[in-house]
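Please take a guided tour of the structure that follows, with a viewer open beside the text.

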There are 2 protein chains.
Amino acid sequence: MSSDLQTISAVKCFGGQQFIYSHYSETLKCTSKFSLYCPPQASESNKVPVIYFLSGLTSSVKELIQQSGFQKYAAQHGICVVGPDTFPRDALPISPPITRAQMAAMYVDAETPGWSDHYKMYSYVTVELIKTIEEKFNFVQKDNRSVMGHSMGGHGALICSLRNPGLYKCCSAFAPLYNLEGAAEFMVNLIQAENVKDWDATKLIRNYKGPSLNIRIDQGAEDYILGMFSPDRFLSAALESKTTVSFNLIEGYDHGWFFIKTFIEDNFNHHAKFLKSSNNH
Amino acid sequence: MSSDLQTISAVKCFGGQQFIYSHYSETLKCTSKFSLYCPPQASESNKVPVIYFLSGLTSSVKELIQQSGFQKYAAQHGICVVGPDTFPRDALPISPPITRAQMAAMYVDAETPGWSDHYKMYSYVTVELIKTIEEKFNFVQKDNRSVMGHSMGGHGALICSLRNPGLYKCCSAFAPLYNLEGAAEFMVNLIQAENVKDWDATKLIRNYKGPSLNIRIDQGAEDYILGMFSPDRFLSAALESKTTVSFNLIEGYDHGWFFIKTFIEDNFNHHAKFLKSSNNH
């Protein structure tokens, strides 16, 4: 159970409020921040669904709310958006500077010594954060949620969905890590070699059985990560298990926020279709 | 005349390209960066109008392109958007850290010793930058431009328009400095006391004669700068000279980019009305 929330900031945006909160996480064993956008129509008597957005390596809670432009579409559709931090930042000493390996929490539950105390972003995102949001905010619907992510967070969105059939109404990913071979330098810190397959989106989708995950993927054709990961193997695996995936390869775009802001509206429309047809109000 | 442009970055966004360029400015006597968004429909045979966006104190060329979300509307309307840096950054030594006074170039031409060598943002924005854009980019229309700005840059947009009847087809400002009394600490460095009135938007609009400037202002009612500046005196002065101003006071909003991103679409619609009715293609 999470301790009380502290409000770090609250700013009006597209008629709603963009918040940043901090709380002590029992899962991460440190304080952690998340952003939360409350759309204008949300209230205790008009509860709204929630999209969880998992950001990529090096992002904090700020980039999503500053650079993606999602608030316009969250306000239009009446959807709450929650953006957790990307690693257990407050468990690390302030100096020396944080390394990329320390930032690469990979949305898994670490099992190796030195990492397993705090690096539990998978359980944080799929259990504690959801519980916190649904208990502490009386304007959100229970059990009507979806997940979206970018890059490392796109991998996060995929594996959180694939490992938890029914937890999310749909899933979308901007330029995700389609598999973990290209992220081996980070995985070796966190997970024993024989268990990496349990966190690999391509391997998970190959064996997926369960309700439709309504996966949408947007992928820039000029993205440097295409040289490191293999969307085609991911799609082959989806074909094997006959899992619905909408894969959009788009010419000219690269890996960053300019790509995300261009396609965030389409992604919100995709999520709204599944979140708003729900009876779970 | 500007020297050759160097491309710092080029990224696809909403079907167009978001660039950052660097060039040597004869006016500022140092290199200077600007952002330029080229909308998808622009070409040598389909030239487009230009909006110049003047950012506020402490901004570089990055905040506008990352945080305002303007690219969607620039792409919809087919408008090129140019965002200069906010002060002659490269004229300063790299260390010690730059002070707020050094960042506060105020879109004026400084006349005091120690500042007058480089602090000529007014001439840079109204003459050299326009010349550079219209000479170097064959997809922009000549003489079909407007100006928009935020905070210190909102003041910049107002004074550049008010001092140059006909230069811009319209002008809009997010939470501008309506007068210079609240910025006296910066003005004292740049301009002799008896000349400050020549750069004060309230004083300039009181005496304005010329074609309509089509001024639009958006102002958050929770903005802390309302305690430092006086929109009411600016509006009284506009009434005196019968100059068209649309002033929008909006409850709940503060001074920052969350406010700007909420109202950038309305501002682009305002500018498009004047830029696209032009015969100057």
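Two residues are taken to be in contact when they have heavy atoms within 4.5 Å of each other. With that cut-off in mind, and remembering throughout that this is a predicted model, select the residues of chain B that touch chain A: 21 residues of chain B are in contact with 21 residues of chain A. Between them the two chains bury about 1900 Å², of which 57% lies on carbon and sulfur atoms.

Next, show both chains as C-alpha traces and superpose chain B on chain A, which takes a turn of 180 degrees with a shift of 0.0 Å along the axis and gives an RMSD of 0.0 Å. This is the relation of a two-fold axis. To find where chain B comes up to that axis, select B:Gln67, whose C-alpha is the nearest to it in this chain, at 2.5 Å. Both copies use the same surface, since 100% of the contact residues of chain B recur in chain A.

Now turn to the side chains at the interface. Across it there are 2 salt bridges, and one to display is the pair A:Glu265 and B:Lys72, whose side chains meet with an N to O distance of 2.6 Å. Polar contacts join 14 residue pairs between chain B and chain A, counting those with both residues at pLDDT 80 or more.

Which elements of chain B each supply at least two residues of the side that touches chain A? Colour β1 (6-13), α1 (62-67), α2 (71-77) and α9 (257-275) of chain B to see them; α9(B) gives the most to this side, with 5 residues. If the selection is then coloured by residue class, the side of chain B that touches chain A divides into 8 nonpolar, 7 polar and 6 charged residues.

Along its principal axes the C-alpha trace of chain A spans about 45 × 40 × 35 Å. Its radius of gyration is 18 Å, which agrees with the value near 19 Å that a compact globule of 281 residues would have.

How values were computed:
Residues are numbered from 1 along each chain as its sequence is written. Chains are lettered from A and ligands numbered from 1 in the order in which they are written. This is a predicted model: local features need pLDDT of at least 70, side-chain atom pairs count only at pLDDT 80 or more; totals for chains, interfaces and linings use all residues. Side-chain values use heavy atoms; hydrogens and water are left out. Copies are superposed by least squares on the C-alpha atoms of residues with pLDDT of at least 70 in both. Buried area is the accessible area (1.4 Å probe) that two parts lose on being put together, summed over both. A salt bridge is a side-chain nitrogen of Lys or Arg within 4 Å of a carboxyl oxygen of Asp or Glu. A polar contact is a pair of N or O atoms within 3.5 Å; within protein, one must be able to donate a hydrogen and the other to accept it, and residues adjacent in sequence count only if both atoms are side-chain atoms. Helices (H or I, at least four residues) and strands (E, at least two) are DSSP runs, numbered from the N terminus. Ala, Val, Leu, Ile, Met, Phe, Trp, Tyr, Cys and Pro count as nonpolar, Asp, Glu, Lys and Arg as charged, and the others, Gly among them, as polar. The radius of gyration is taken over C-alpha atoms; the globule rule is 2.2 Å times the number of residues to the power 0.38.
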